Amino acid sequence: MFKYRLYRERRMHRKYGLIIENLLDQISENKYRYNEQNNEIENKLFKNKYFTIVFIKRFLSRIKKYSGKDKTLYHREKKYLLNYAWKTKLYESVINFSKFFGEYNTLAILSVIRDKRSLPIFEEYETIFLRKKNTILAYYVLLGYARIGEMERFKETFTYIINHREITSEEMYVGLLISFNGDVSSWQEKVLLHDNINHKIIALKYFMEIRQDKYTMFCLQEIQHLLEYDKIDSEQIQYFILLNQYLETFYPSYNREELMSQVSNLTNKTFLAILESMEVLV
């Protein structure tokens, strides 16, 4: 069954690939016009299963092509494609073929399409995640909220998952913040200034990733605050290292040797050992 399906899909790629690529060229260049040929293609899009699947896959490839690090380079092309997806309710086709794509891929595709009308699907899977504690679902639900730009749902779920350690990769959290379709900097600044260390670590990594350099004084104060602790845990150690990395990246006059001389007078020598090991790694 799987081999037959794969054969049919490859055959449809060969049969319809060029037609679909030409259509995507027209859309991305804002040259798409309703005419007899394009109407025929759209009819196939909604009536021919394999044509629809091939279209969705080619559409995703085109969006990926226009989604590099320089987001402004292909901003218009990407916008035209997403507008077309909205006008044709492409999200409905994705949902209709969810069994073909699988639930994780379905959520990933819907997140790329960024249609707010697909929010109920993400909310449904959020309920499933909370019940089953499925971290993969948690990631794709967050990615959907992020790319659609649903701030309140994103914040609520993001905070819940951090608090319950449902996802352990900090880089994944940072990637989700960067993926958000809107501004999360104000929110993350509040987190950095007022939240617990676990949240602060992710916020500081986020600001390092987007090259935000205005938190040098804050980092210096945080280091001084950490040095007052008699006992420290692994999160405080990680935070201490990250604060030093931030300062060395964005504060040219920062002198680790001065800090080492200050730390050497402390009873707790853990931070001194950390600084010495960082010195060796440089």
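Predicted model: local features only at pLDDT ≥ 70, side-chain atom pairs only at ≥ 80, totals over all residues.
Local features need pLDDT of at least 70 and side-chain atom pairs pLDDT 80 or more, while totals for chains, interfaces and linings use all residues. Residues are numbered from 1 along each chain as its sequence is written, and side-chain values use heavy atoms, without hydrogens and water.

Helix 9 covers residues 135-148. Helices are DSSP runs (H or I, at least four residues), numbered from the N terminus. Buried means under 20% relative accessible area, exposed over 50%, and partly exposed in between (1.4 Å probe, protein chains only). The buried residues include Leu137, Tyr140 and Ile148. Their cover includes helix 7, helix 8, helix 10 and helix 11. At the start of helix 9, a side-chain oxygen of Asn134 lies within 3.0 Å of the backbone nitrogen of Ile136. Gly149 follows helix 9 and has a positive phi, near 85 degrees.

The model has 11 salt bridges, each a side-chain nitrogen of Lys or Arg within 4 Å of a carboxyl oxygen of Asp or Glu. One joins Glu150 and Lys116 (3.6 Å, N to O). Glu150 lies between helix 9 and helix 10 and Lys116 between helix 7 and helix 8, so the pair ties together parts 34 residues apart in sequence. Glu170 and Lys205 form another (2.9 Å, N to O). This pair links helix 11 to helix 13, 35 residues apart. Glu170 is buried, at 13% relative accessibility. Glu21, Asp25, Arg58 and Arg62 form a salt-bridge network.

Technical notes:
Helix = DSSP H or I, 4+ residues; strand = E, 2+ residues; numbered from the N terminus. Expected span 1.5 Å × (residues − 1). Contact = heavy atoms within 4.5 Å. Polar contact = N/O pair within 3.5 Å; in protein donor to acceptor, adjacent residues only side chain to side chain.
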